[in-house]
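Okay everyone, thanks for coming. Let me put the structure up, and then I'll walk you through a few spots in it.

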Amino acid sequence: MKPAIFRNKLAQLPRSWAFWLTLVLLGLVRVVVVVVDGQQKRYLFLSAWEQGRVEFVNSVTGKPVLLEFHLPWAFQGFRAFTDPETEAYYTAGEYPWNQALARERRKTLAYCSEVGLALKLGSTWFRVEKGCLRLRLLWPP
């Protein structure tokens with residue numbers, strides 16, 4: 001291909017419907033890698049409106065905890081659901097937990113448990129006992 005022809009093709013690219021469609025689709029895709037116990041890696045392709053949730057039992061209070069979050073540009077929009085005693089365990093009663101969690105924006109998350117935990121991203125579940133789950137948002141960067 002001659003350089004002049006190549007430059008003309010590059011100049012036309014931003015006007016191409018396929019170019020813009022590709023950009024829109026890339027903006028809607030979220031790529032997450034989940035590492036189980038530092039060994040197993042699983043790559044997930046999710047949409048921007050997918051949700052995540054983490055379920056575990058607090059080992060001190062013995063009560064269940066549910067954390068929910070969204071993936072618009074990062075792991076964000078966190079909300080926690082548990083009993084008042086367990087919430088006080090995490091916050092010492094000093095601040096409203098969900099207000100603090102709602103401000104969090106992370107590209108990486110790590111959860112560890114001796115008792116066990118379950119993580120759901122989109123429709124995929126991960127479970128671990130006496131180990132850790134690590135999530136990293138690869139796309140968007």
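So, to start: in which loop is D37 found? Before I answer, keep in mind that this is a predicted model. D37 sits in the loop that runs between β1 (29-36) and β2 (40-47). What about its backbone? The phi of D37 is positive, about 55 degrees, although D37 is not a glycine.

Next up, A92. Here again we have a residue other than glycine with a positive phi, near 55 degrees. You'll find A92 in the loop between α3 (84-91) and α4 (97-102). Is A92 buried or exposed? With a relative accessible area of 56%, A92 counts as exposed, because the cut-off for that is over 50%.

Now a peptide bond to look at. W139 and P140 are joined in cis, with omega at about 5 degrees. P140 belongs to the segment that follows β10 (131-139).

Last stop, the largest pocket. How much space lies in it? About 170 Å³. It has 14 lining residues, and the ones closest to its centre are F56, V57, Y90, C112 and S113. The elements giving two or more residues to that lining are β3 (51-57), α3 and β7 (108-113). β7 has the largest share, with four residues. Sorted by class, the lining of this pocket has ten nonpolar residues, three polar and one charged.

That's my tour, thanks.

Methods. Residues are numbered from 1 along each chain as its sequence is written. This is a predicted model: local features need pLDDT of at least 70, side-chain atom pairs count only at pLDDT 80 or more; totals for chains, interfaces and linings use all residues. Side-chain values use heavy atoms; hydrogens and water are left out. Buried means under 20% relative accessible area, exposed over 50%, partly exposed in between (1.4 Å probe, protein chains only). On a 1 Å grid over the protein atoms alone, a cavity is a set of points where a 1.4 Å probe fits but cannot get out, and a pocket is an open set with protein on both sides within 12 Å along at least five of seven lines; lining residues have an atom within 4 Å of a point. Grid points are joined across faces, edges and corners, and a volume is the space filled by probe spheres set on the points. Ala, Val, Leu, Ile, Met, Phe, Trp, Tyr, Cys and Pro count as nonpolar, Asp, Glu, Lys and Arg as charged, and the others, Gly among them, as polar.
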